[in-house]
Amino acid sequence: MAQCVQSVQEFIQDSFVPMVAVLCSEDAEKVTRKNNLNFSELLRPFCRLTSEGHMRDPSNQLQVVKNLRISVNNVVTRPTVPSSGVPGHAHRRLLSEVVLTCQPAEGGVANVITAGDYDLNISATTPWFEAYRESFLQSMPASDHEFLNHYLACLLVVSSSEAVPVEKFLKLSQEQHRIQHSGEYTNPKWFIPNTLKYYVLLHDMSQGDEQRADSVYEDMKQRYGAQGCYLLKVNSRTAAAGADEQIPDPWSQYLHKSSLQSQVQLGPRLSVPSIYLLMYRTSEVDGHDSEEKGDLDNTHPLQLDTPSDTPGSLDALRAVAVETKPPPLATGVAAATSHGACLTLNDHDRIRLFIQEFTFRGLLPHIEKNIRQLNDQLVSRKGLSRSLFSATKKWFGGGKVPEKSIAELKNTSGLLYPPEAPELQIRKMADLCFLVQLYDLAYSCYHTAKKDFLSDQAMLYAAGALEMAAVSAFLQVGAPRPYPAHYMDTAIQTYRDVSKNMVLAERCALLSAEVLKSQAKYSDAATLLIKMTSEDSDLRSALLLEQAAHCFINMRNPMVRKFAFHMILAGHRFSKAGQKRHALRCYCQAMQVYKGKGWSLAEDHINFTIGRQSFTLRQPENAVTAFRHILTNDSQQTSTQQGAFLREYLYVYKNVTGACEVALPQLPLPCINSSATRVYFGHERRLAEGEKQAATHVSLDQEFDRDLAAMWQDLEEQVVAAAKRGVVPATFQSTQCCLNSQTDNLRFPLAVVEEPIIVEVVFRNPLKVPLVLSDLSLLWKFTLKDFNRPQEDSVGDAVPISNEKEASVPRARLKLLPHQTGQLNILGLVYNLASTSSTGDTINSTAASQTEAAEGTSVRGRQDLEIQGPRLNQTKEEKTSVSHGPDRRLDPTITPPMPLLEVFFLQFPTALLCGEIRKAYVEFCNMSRVTLCGLRVASTHPDFFTFGSSSLATPLTPLSPTSFENCSAYKTLATPPGATPGSVAAVTLVSEGDFGSGTGLRGGGIPLGEGTLKPGESTQLPMWLRGPDQEGVHEIHFLFYYESAEKGGKISHRVLRHTVFICASRSLSVRATACRSNTLPEEEEEEEEERNGSMLVFVDVENINSSEAGVREFHIAQVSSSSKQWRLHKCINPAEDKDCKLTSRERGKLCFRATRCKPLKKRSAFPFSKSGVSSLQIITSTTPCADFFFRRCQPLDSLRPPDIAGVVRKCNEVDLDIIILWKAFVVEDNKQVILEGQLHVALQTIDKEACSLTQKEEAQEMVLLKFKPELPPPMTRPSMEQLSHLIKTNLQYPESYSHPFNQKSLCMVPVTLTLSNCSLAQVDVIIDLRHKTTSPESLEVHGSFTWLGQTQFKMQLGAQEVMRVQLRACFLHAGVYNLGTPRVFAKLADQGAMCETSQQTATPALIIIINST
Amino acid sequence: MLTRLKTQVPLFSMNSYTKLREKLKLSGLSFASTHSHVIRLGRHSRHNSKMAVCIAVIAKENYPLFIRSVPIQNELKFHYTVHTSLDVVEEKISAVGKAMADQRELYLGLLYPTEDYKVYGYVTNSKVKFVIVVDSSNTSLRDNEIRSMFRKLHNSFTDVMCNPFYNPGDTIQSKAFDSIVSAMMVQAS
C-alpha cells in the first residue's frame, strides 16, 4: 500500500465525523450565492477545528477533543445511494470522476526502489487512491445498523434581509421536524430524536442594515438562548476596497469534489444523459472562468465590480457549454477567484469563529448530554442479569421480532431492530463516544453490542460492531490491547458473504488495510486487498490491486514480481474501468520489472497494451515506441500476431507522423544489416555491346573474394611500380571500386564527380510476416569543398534504382550522382513501409504488393546507416576492451573529374588450342571529359597476350579487324628459289629489349597513338593471344592502369579490371632431346669454334588433340631455334622434303643438327635461326612470334659463381630454345579454318628430354608430417654422372683396313684419339690403354688387339681445348675389332682431392681388318 | 481467464479498441482461492488432468531457459504465473537462511495456489529454478509425485548441461529434454 499524506489515526478520525445538516432560507441562499457557494460549501473549509475542545465523559472526567472535524451538509431528502450494498450508478460516476481527475503530477517525484537487480521508479504516493477513499467514505450511505453518519444537529440559516427572520426560523424548524419525524423520508437519517437545532442569522454586510441584524440577533438570543443561535456577518467586501486585495481561496480544494457531490445528489432526479452534462458542466465552467479571469486581468481591474452578476452569466454559459466538447483532462480546479469573491479575510475569521462557537457551545454539549443520557439508560438496565435480559427478549420479543426485511435491503439472514431497540442504544452510545474521540468507552460499548448482536444472530449489526470495535481498539491511546485483526476479517466476511453489502465490506477493508499497513503487515494487507477485488467494480478492483502491488513492493523483502503482476492486473482493471491514464501508468510501472529480462511474451503483451493505451490517450510517440519494442525484439509471437502488431504499429505511426515530412522518425523494420552494406563507385557496366565485349571490371553482383582481391592488389602494385619506374610510392593504396565489410574502409573513399555512387543495402526481416518497402531513397549530407575547381550547378539527387522484396536476402541498390566536389556523407535510408494484406497470400508479386502498399497502411520513415568498423586488436588496451575502428564506407570524398577508361574486346576467343596464336582487337575508349594518358596493363598471365613490339612501329596487320579473315598472324617470307627448304638456316639477330624487357612484361605499357586519349576518343589496337600451354580453363586477369593528363589530383591513377576465361584444348606435344654428336664436323675447314660443338636435336611431335571432329591435322610449318651458343642447322630428316603432317594421335620425329656458334658479346640479343619445313619462311623474329617467345621463356641466368658444380654442369648445358610453328586445319561450322600456333621447347641439358608441356605433377599423396631435425644441405658436389661428361672422346680411324697378314703378321693401324674438353676449366686427363675391352666374350671370340707404344698418357686440357693423341693399334688377325677400349679418366685440374672419374665411353668403334691376300 | 491476444481487428476506429479491450480480459487471476462466487469456467473437462499444465526452467538470473505450457491454453498467462512465482521462490530460499543453505532441500513444495492452478517449485544448488504448474482440480497428484517429476526434470536438465555444445545460459533446445517435458505435460485434447 502506498504511503498516504494522512496518518492512519487522522485518516480514521476523518472518516467518522459528526454530521451537521443545514436548512437554509432562500434569502440566505442568495447571500451565499454571491460567493458562488451555498451555505454548507461556505463553511466547509473551516470545518476543522484548530483549537481543542473539552467535554466530560459519563464518569465526569474531563476529556480533550483534539483536531475535531465536523461535516456540514445540506439536507437532501432523497437517498443518494440505495441502501443496498450496491452503489448506484451516479455514485460510481462520482468515484470514477474523482479518480480520473487525480493524476500523478507530470514529472512528479518518484522514488527509486532497489530490489535485487531491479531498480524501479515508483511514485510512493497514490493520491488518486486517497481521493477515491475520501469520496467513498464521504458518500457512504447512512444505514440503520450504525449511526456514525447520521445527522447530529441541524443549522437553520436565515438571512437578516428577511422581513421577519424569526418567523422564517420557525418555518425552518418545523421543516426540520417534519423531515425527521413525519416518516415521509427515509433519508437523511438522524442520530437522536431531538436533534440539536442551531439558529444562524446570516447578515450580508454589503446590503443589509447591520443594526437591524443586531437587533434581530438580540431577539433570537432571547428566544433560543445565547448558546443556540449565532449572527454570521459575511460579504463585507465592498466593490472598491478589495480590488487589489489578495484573498486566499480555501474553497478551491474542497469545491471541486463538493460540486461533484452535489451533482450526484441531484443525480437521481435526472435522467442519465443529464448527469453527463452536469459533469461536463463543472469542468467547462471552470475552464471558462479561468479564461474570464484572464480577460479581466488584461482589461481593467474595475471590471471586478460586477462579481454579483457572475452567477447569472455562469448559468447562461453553462447552458451553452453543455453541448460542447468533453472536458479537457485534469483541468483541476481553476475557478479560484470566483469563490468567496465577496469575502474578506475578516469574513473568513468570522466563519471560523462561528464554527468554533457552534461546535464548542452547541454540538459538544449536546453530544455530552446525550452520552450521559444513554449511559444512564444502560446503567439502569445493567441491573438485570444478562440471562434475564435475553429471557425477556424472548418473552417480550414481539417488539423486536425480526421483521421480514424488505427486498432491497437483502438482509435476509439477520434481524432488523426497530430504531429504539435497546441493543441499538448501546451502539448509539458507542458511536457518539467514537465521534468525540472517547475510544476506550467506545470500544467497551462496541464490544458489548457485538456480543448482543451475535447472540441475536443479527449478523449485519454484529459486523458493524466488530468493525468499529477493532477500529477503536486500534485508536486507543497507549494501545492497552492488541489490534484485533480477526474482528475485521470477520466483519468483512460477514458484510460480503452474509449481507452482500460490498460498500460496507469495502469500507471495512480500506480501514483494515490502512491499519495493517501502519503495523507493517504488508502481506496481510495485500491479501485483504486482493480478496476485495471482484467482478462487480473494475475501478475498486483496480485501485485495490494497485495498493496490493504497493504492499508487495514495500515488504521487507520486496516482492518485485508480485508487484509487477498485480500492477498489470490493476492496469487491466483500470482500463476496463475507463481509467486509461491510470492503466497506462500501471503498465509502465510493471514494464520496469519485465523489461529486458527475457520474458518476451509478457514483455510483448505489456508493450502492446502500453502502445494501445498511449494511442488512445493521444500520446502517439509513446505508442510508437512501445510498438517498436514488440517489433524490434526478436519476437516469439506467431505470424498472425506479428502481422497484427505490425498493422497496428503502422497505423499508429501514420497518425504520429501525419504530414510532417521534415524530420522523419526512425522505423524499426526491417533490420538493416549495415555491415553488409556495399558501396560501389562508378557507372553500372554494360558488358556486351554488339560484338564488342566490355571489360568486366567490378560489379556489385560479384561476391567479394579475398584471394582475388589480393591478386588484384598485387597486380595493381606491379603496374604502379612499372609506371613509377620500379618504385611503389609509399602512399600507394590500391583502388577499391566496391567497398564491403571485408575491404579496408579506414580511409575516406574517393568518388569522382558526375560518376554515380551505388549503395547496396541488405535487409533482414525479423518477422514472420512479409514487409513491403517502396520509394526507397538515400539520405545524405553534403559539404562543399573546393578542390581548385569552379563549383558547379546543383548537388546530387537520390534515385532509387531497385527495390527487391521478399527475396531470400532482400537487398536494395540506390544510386547517388554527385554533381559537385566535396564531402558526402550517406546517412540513412528513407522508405515507405507497409505490410501486406492479411488475406494470406504472402508471396505477392512486386506489382501486386506495390498497389497494395499504395492503398494500405504505408508509412514513411527513415533508418540510419551506421556501420561499425572492425574490432581493434592491436594494442593491449584495444585487446582488453571492445573498441571498434571507424568505417568510412559511406563517407566518400567527391573529387574533380578523372578520365574514365572503357575497354572493349573484339573477336576475343573463348577457346584456344594450346599454343595457338590468335589475333584480337582491343578498343580503348575515354568516356570522360578529361584526357587520359599513361595507359598500362598488367596481367596474371603475361604470356597470354601481346600488343606487339613497340620498336616495330608500324603495325604489321591492318588496324581494322574487318580485313582480318583467315590471314596468318605471322609475317612470312618466300624462300629464295633454288634453296631447298629446310636446308637453309637463316640467322637473325633480335634484341630482347625490342619485345619488352623481361621486367617490363609485367605492367607493360600499351602503345597508344600519341600516348594519350582525348576525351571521347577511342582507339583500336590489335592484340595477339596465345593459348596457354596447359589445357583446361584459365582465368586470366587484366588490369588496365591509366592516369589523368592533369597531374596533382587526389586520385593518382585509376584502374580497370578485366577477367576472361579461356578454355585451352590440347594441340601438340613436343619433346626434344639433344645428343652430343660424336662425329667430328665433316668439313674440317670449318671455323675453329665449331669443331667442338655439334649436336643432334631430335624433336618428337605428337598430335595429342582429343577432339577429332574439330582438328583434322596439324602441319609443322617451321622449326626455329633461339640460342646464344647454338644454332639449328638443316633438317636431317629422312623424308626431309615432305611437309610434316600429323593427323590425330600421330607422332612425327624431326632431327636437326645444331652447331655451336660464336658466343655473342651482346647478352640481350637473341639470334633466331630457322629451319623451316615448309616452303614459306616465317619470320620468327618479329611480332607476334618473338613476343610470345620472349614472354614465355624467362632466361635463367646462372649468376652463381663458377664453382665446380657450375663448371661441370656447364659442359652439359645446351641452352637452346626451339620454336615449333604449326598450322592446324580445323573444321568449324563446315568451314575449314587454319589456325596457327607456336610451341616452345627449352633444351637445357644434353641427353635430357625437354617437353613443351611441363608434365603435370602427380598430386602428391598425403604424407604424414614428420618432424625431424633438418638434414644438412647436401654438398654441392657434382655427381659422377655429371663428371663423366667432362671430356668428349672420339676415335678416328679408317673404317676398314686391308692388311696382308701373309706378308706381315702384324697389322698396325694408326688411330687418332681426339679429346675435347667440354668444360671451361682445366682438366687433368689420364688415358689408360692397358685395360681390356669391357666385354670379356668378345675377347674370346675375336681375339684381341693391342695398343702399341705408350699405354698411359697424362695430360692437361685447357678450357674447350681439343687434343689429338696418336695411337697405334696392332692386330694379329683379320676381323672386326672394337677400338673403344681406351679408358679416359678426368678430373678438374684444381680439385686435387678429387679422384679421376672415368669418362663416358663412346659408342663401340668397330674396325674391320681385312686380310688382303 | 486470459483469452488470446487476438488483434485481427483493423485499427480504424476507437470502437475497435473497446472491442479489443473486451478480448483482452485478464480477469480471474487473483490468487484468493477462497472466492466462492467466482464462476469457474468448464475448463477442467477439457483435458484429462493428470499432469502438469506448464513446466518452466528459469536461470539463476531469473530469465526463462525453457517454458512450455499446454498449447491450447494461454501461454501468456503461464508466463505471468511463473514469473510471479519467482518471488515466492526467493522468499522460500531466503527463509532457509545462510547456514542451512547447504542442507536445504531442493524441492520447495507448493509455492502458492491460484484459483485454478497450483504452482510448485524446485531450486537446484546452482539456483536454477524449476516450476511446475498443475491444475488445482487435479487431486490425484500427491506431493510425492510432484517431487518425482521434479527429480526427473532435474536429471534431464543435468544431461542438457552436460552437453558440451550447450552454452550455459542459452535457452534449452534439446529434444531429449523436450520429450521428458512432454511426457509430464497434459496432452492437449
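Modeller: Read along the sequence, chain B runs in the order α-β-β-α-β-β-β-α-α, which amounts to four helices and five strands, where helices (H or I, at least four residues) and strands (E, at least two) are DSSP runs numbered from the N terminus. This is a predicted model, in which local features need pLDDT of at least 70 and side-chain atom pairs count only at pLDDT 80 or more, while totals for chains, interfaces and linings use all residues. Residues are numbered from 1 along each chain as its sequence is written, chains are lettered from A and ligands numbered from 1 in the order in which they are written, and side-chain values use heavy atoms, leaving out hydrogens and water.

In chain B, 49% of the 189 residues are buried, meaning under 20% relative accessible area, with exposed over 50% and partly exposed in between (1.4 Å probe, protein chains only). Of the chain B contacts (heavy atoms within 4.5 Å) with a separation of 6 or more, 60% join residues 24 or more positions apart. A backbone detail to check by eye is B:N62, which has a positive phi of about 70° although it is not a glycine; B:N62 sits in the loop between β1 (52-58) and β2 (64-69) of chain B, and its relative accessible area of 4% makes it buried.

Chain A has 32 helices and 56 strands, and 52% of its 1413 residues are buried. Among contacts in chain A with a separation of 6 or more, 78% are between residues 24 or more positions apart.

On the α1(A) side the contact is made by A:V8, A:F11, A:I12 and A:S15, and on the α17(A) side by A:L510, A:L511, A:E514, A:V515 and A:S518. By class, this contact has six nonpolar, two polar and one charged residues, with Ala, Val, Leu, Ile, Met, Phe, Trp, Tyr, Cys and Pro as nonpolar, Asp, Glu, Lys and Arg as charged, and the others, Gly among them, as polar.

At 53% relative accessibility, A:A520 counts as exposed.

Helix α18 (residues 522-532) of chain A in turn packs with helix α16 (residues 485-498) of chain A at an angle of about 5°, the axes being 12 Å apart, which makes α16(A) roughly parallel to α18(A). A:D489, A:I492 and A:R496 of α16(A) meet A:L528, A:K531 and A:M532 of α18(A), and the contact of α16(A) with α18(A) divides into three nonpolar, no polar and three charged residues.

A further pair is helix α21 (residues 580-594) and helix α22 (residues 600-616) of chain A, whose axes come within 9 Å and cross at roughly 150°, so that α21(A) and α22(A) are roughly antiparallel to each other. Here α21(A) contributes A:K580, A:A583, A:L584, A:Y587, A:C588, A:M591 and A:Y594, which meet A:A602, A:E603, A:I606, A:N607, A:T609, A:I610, A:Q613, A:S614 and A:T616 in α22(A). By class, the contact of α21(A) with α22(A) has nine nonpolar, five polar and two charged residues.

Elsewhere in chain A, A:S774 lies in strand β17 (residues 771-784) and is buried at 11% relative accessibility. From A:S774 to A:V830 the C-alpha to C-alpha separation is 9.4 Å, although the two are 56 residues apart in sequence.

Terms used. Axes are lines fitted to C-alpha atoms, for helices over the stretch in contact, and angles run from 0 to 180 degrees between N-to-C directions. Angles under 35 degrees count as roughly parallel, over 145 as roughly antiparallel, 65 to 115 as roughly perpendicular and the rest as oblique.
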